[in-house]
Amino acid sequence: MTSRRGTLTVLHLLLVWATMAAVVPTLGVGLLMAGWGGGMGAAATALALGVPLTVLLLATAGLPARTVVPMCDSARGRLGWAVLVFVLGTLGVLAGVAAYGGDVDLGSAGTRIALTGVPYAVAAAFLVPDRRLRLGAMAVLVLAVVYGGFVGPAQAERRHHAAEVARYREHRELLYLGDVPAGMRLSHAVIDSASFSVEYHPADPDVGGYVGLTVRSPLTPSATCARRLVDGMTCTVDARGEMRMISELPGGGRDISLVRRHHGGEVEVSSRILDEVGLRRLLDTLHPLSDQELERMMREKTITQGW
């Protein structure tokens, strides 16, 4: 490719890019406004008018390329060239829209507008009879596929995961766990703005019952025997302020709850299958929820948000 021919080719591709970067967003906004104001019929009419006008404008942009692209040497050839570039480029734009809908980062609004012209320029590059230029267009296409199909989605997933972790950590003063009682597993946890509730279930699915742990915000009313006492329950408070509630159940079982002050708030543990010693051990092993524990709970989907 001679220097003059190379310059004309670059100018040709730049003209295609600039034309479509200006026209395609305008056409998209026009379709949106027509559909918003007049429904699907109006949008279809706008599309029927907009597409031929866009192809004609693209064909006009091919006029300077008559010595570079053989198809542009005649009016009929330019029209065929414009249709081919429009179809191939629009497929690329639709792929970009799909990637953007999947949270792939395509930059600012200005960058996204500029990118709408790129697929058409790449399509036009494939129609220039130059081996090196076509190889360059293929490289751009491969990079776009790799970024839109693999790199971008992976980055979007990492951003989504980081945002989800940040939402869980928003009330980190509530995120405390005790060591899992022997023979049990962490089954479910719920975090909201005022509390963090955890349920431990037996590891054997044939065994019933559970152990509950709830960390409450300092802003919630404190538990007192006067508020919690019901018929058949005994409630005592020891010298450290720890509250102990026991309800006798039909058949000889007992429902035991312990409430302890914790960093200005309070923690309550309760169970019908774990004795008082086991519940105190759960309270004594309270620790801030670690990143590894949170990651595991998110991976196993055992933690949810209650707001």
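In this predicted model, arginine 228 and glutamate 268 form a salt bridge whose closest N and O atoms are 2.7 Å apart. Arginine 228 belongs to helix α6 (residues 225-228) and glutamate 268 to strand β8, so the pair ties together parts that are 40 residues apart in sequence. Arginine 228 is partly exposed at 26% relative accessibility, while glutamate 268 is buried at 7%.

The whole structure holds 12 salt bridges. Three of them are listed here.

| Salt bridge | Closest N and O atoms |
|---|---|
| Arginine 228 and glutamate 268 | 2.7 Å |
| Aspartate 284 and arginine 260 | 2.9 Å |
| Glutamate 266 and arginine 261 | 3.4 Å |

Glutamate 266 is buried, with a relative accessible area of 2%, and arginine 261 is partly exposed at 44%. Salt bridges with shared partners link Arg240, Glu242, Arg244, Arg260, Glu276, Arg280 and Asp284 into one network.

Helix α7 (residues 276-284) has as its buried residues Glu276, Gly278, Leu279, Leu282 and Leu283. Viewed down the axis of α7, these fall within an arc of 165 degrees, so they line one face of the helix. They pack against β3 (195-202), β4 (211-216), β6 (243-248), β7 (254-262) and β8 (265-271). The face of α7 turned away from the buried side carries the exposed residues Val277, Arg281 and Asp284.

A nonpolar surface patch, with about 970 Å² of accessible area together, includes Leu49, Met71 and Leu84. Helices α1 (3-61) and α2 (75-101) each supply at least two of its residues, and α2 gives the most, with seven. Leucine 84, in helix α2, is partly exposed at 35% relative accessible area.

Definitions and conventions. Residues are numbered from 1 along each chain as its sequence is written. This is a predicted model: local features need pLDDT of at least 70, side-chain atom pairs count only at pLDDT 80 or more; totals for chains, interfaces and linings use all residues. Side-chain values use heavy atoms; hydrogens and water are left out. Buried means under 20% relative accessible area, exposed over 50%, partly exposed in between (1.4 Å probe, protein chains only). Helices (H or I, at least four residues) and strands (E, at least two) are DSSP runs, numbered from the N terminus. The arc is that of the directions from the helix axis to the C-beta atoms. Contact means heavy atoms within 4.5 Å. Patches are made of residues with over 30% relative accessible area and no salt bridge: like charges are joined within 9 Å, nonpolar side chains (Val, Leu, Ile, Met, Phe, Trp, Tyr) within 5 Å. Accessible areas come from the Shrake-Rupley method with a 1.4 Å probe; for residues, only the protein chains shown count as cover. A salt bridge is a side-chain nitrogen of Lys or Arg within 4 Å of a carboxyl oxygen of Asp or Glu.
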